[in-house]
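Student: I would like to go through this model and ask what each label rests on.
Tutor: Go ahead; the structure is shown here.

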Amino acid sequence: MKIVVANWKMNGDCDLVSTFIEKINAVTTTNTIVVCPPVALIGQFKDFRYSIGAQNCFYEDKGAFTGENSPKLLKEVGCEYVIIGHSERRAIFNENDDIVFKKWEAAQKNGLSSIVCIGEKADERADWKSVLQRQTEKFIGKNLGNTIFAYEPVWSIGTGVIPTLGEIAEVLTFIKTKVGESTCCLYGGSVNATNAENILRCNKVDGVLIGGASLKPDEFAKIAMMV
Ligand code: PGA
């Protein structure tokens with residue numbers, strides 16, 4: 001059983017939600033399927049058979065934080081998961097490891113499963129171990145039963161370039177030695193219906209986080225059914 005997560009980013013619309021629900025509801029699998037649409041579309045997923053996640057949350061439950069999304073309210077409207085620390089949040093919205101950790105704590109407090117994204121940038125590739133060490137450091141020794149890590153090398157996101165299976169296995173092994181062997185670890189970055197099967201067959205890989213290909217319901221349905 002694997003975890004297959006769709007990250008729509010700031011894409012999709014009500015029409016895509018309808019098609020997606022129709023196609024994915026028809027999928028029979030023991031895999032865990034999670035879709036993370038833009039927050040404005042979450043209310044359209046009432047008839048979805050699988051799980052919903054948010055792409056981000058704030059670290060406070062309520063207050064004068066115009067434009068932010070409360071983890072408490074995300075839970076209330078049906079989210080079971082939340083992506084935290086995606087590289088786009090880190091790069092465009094200046095989220096550092098301290099903010100990512102505070103968001104994780106807030107998600108935990110509200111009973112949301114966190115998908116914490118980590119991964120090195122292109123110019124950090126030779127030094128990926130110290131990047132991942134820094135990004136996982138605060139989580140070491142914490143109760144991570146409700147936490148999933150997603151290894152997303154930034155150079156692979158949206159580029160069509162993926163690490164070799166050996167590299168993915170090596171990095172996930174490294175992460176698991178830090179955060180615990182039983183902690184779920186996903187791979188993300190240019191996953192599609194062609195490469196997903198081999199990635200999912202890797203025994204260190206507990207699932208995949210999919211951006212671009214998750215906007216194509218037929219393609220996502222195929223990946224969701226793979227074991
Ligand atoms: P991609 O995005 O599948 O389009 O590379 C993955 C992600 O950013 O989570």
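Student: Which residues touch the most other members of the largest nonpolar core?
Tutor: This is a predicted model. Its largest nonpolar core has 58 residues, and those touching the most other members are Trp8, Phe20, Phe45, Phe48, Phe149, Ile175 and Phe220. Helix H6 (residues 165-179) gives this core its largest share, 6 residues.

Student: What makes the group with Ile3 and Val34 a core of its own?
Tutor: Core members are joined through side-chain atoms within 4.5 Å. The set that includes Ile3, Val34, Cys36 and Cys117 is separate, and it has 12 residues.

Student: What does Phe20 contact, apart from its neighbours within four places in sequence?
Tutor: Phe20 is in contact with Ala6, Trp8, Asn25, Val35, Phe45, Phe48, Ser214, Pro217 and Phe220. Among these, Trp8, Phe45, Phe48 and Phe220 are also listed with Phe20 as touching the most other members of the largest core.

Student: Which residues of helix H8 are buried, and what covers them?
Tutor: In H8 (residues 217-225), the buried residues are Pro217, Glu219, Phe220, Ala221, Ile223 and Ala224. Their cover includes E1, H1, E2, H7 and strand E8 (207-210).

Student: Why is Glu120 called buried?
Tutor: Buried means under 20% relative accessible area. Glu120 is at 2%, so Glu120 counts as buried. Glu120 sits in the loop between strand E5 (113-118) and helix H5 (128-136).

Student: What makes the pairing of Glu120 with Tyr151 a polar contact?
Tutor: The cut-off for the N or O atoms is 3.5 Å. The side chains of Glu120 and Tyr151 are joined at 2.9 Å, and a polar contact of 2.9 Å also joins the side chains of Glu120 and Trp155. Leaving aside neighbours within four places in sequence, Glu120 is in contact with Arg125, Trp128, Val131, Tyr151, Pro153, Val154 and Trp155.

Student: Val154 is on that list. Why is Val154 called partly exposed?
Tutor: Partly exposed covers the range between the 20% limit for buried and the 50% limit for exposed. Val154 has a relative accessible area of 29%, so Val154 is partly exposed. Val154 is found in the loop between strand E6 (147-151) and H6. Beyond four places in sequence, the contacts of Val154 are Ser87, Gly119, Glu120 and Lys121.

Student: Why is Asp61 called buried?
Tutor: The limit is under 20%. Asp61 has a relative accessible area of 17%, so Asp61 is buried. Asp61 lies in the loop between strand E3 (51-54) and helix H2 (71-76).

Student: What does the side chain of Asp61 join in a polar contact?
Tutor: The side chain of Lys109, at 3.1 Å; the cut-off is 3.5 Å. Not counting residues up to four places away in sequence, Asp61 touches Ser70, Pro71, Lys72, Lys109 and Asn110.

Student: How do you know that Thr32 is buried?
Tutor: Thr32 has a relative accessible area of 18%, and the limit is under 20%, so Thr32 is buried. Thr32 is placed in strand E2 (residues 32-36). Beyond four places in sequence, Thr32 touches Met1, Lys2, Ile3, Val4 and Tyr81.

Student: Which residues are closest to the ligand?
Tutor: Lys9, His86, Glu152, Gly158 and Ser190 are the closest of the 13 residues that surround the ligand. The shell divides into 3 nonpolar, 8 polar and 2 charged residues.

Student: Which backbone atoms lie 2.8 Å from a ligand oxygen?
Tutor: A backbone N or O atom of Gly211 does, and so does a polar backbone atom of Gly212. For Gly158, a backbone N or O atom lies 2.7 Å from an oxygen atom of the ligand. Taken alone the ligand exposes 280 Å², of which the protein buries 95%.

Student: What is the phi of Lys9 and of Ser190?
Tutor: Lys9 has a positive phi of about 55 degrees although it is not a glycine, and Ser190 also has a positive phi of about 55 degrees without being a glycine. Lys9 is in the loop between strand E1 (3-7) and helix H1 (14-25). Ser190 is in the loop between strand E7 (184-188) and helix H7 (196-201).

Student: Why does Ser190 count as buried?
Tutor: Ser190 has 18% relative accessibility, so Ser190 counts as buried by the limit of under 20%.

Notes. Residues numbered from 1 in each chain as written. Predicted model: local features only at pLDDT ≥ 70, side-chain atom pairs only at ≥ 80, totals over all residues. Heavy atoms only, no water. Near = heavy atom within 4 Å. Polar contact = N/O pair within 3.5 Å; in protein donor to acceptor, adjacent residues only side chain to side chain. Areas by Shrake-Rupley, 256 points an atom, 1.4 Å probe, with all protein chains shown as cover. Nonpolar A, V, L, I, M, F, W, Y, C, P; charged D, E, K, R; others polar. Buried < 20%, exposed > 50% of the residue type's maximum accessible area, 1.4 Å probe, protein only. Helix = DSSP H or I, 4+ residues; strand = E, 2+ residues; numbered from the N terminus. Contact = heavy atoms within 4.5 Å.
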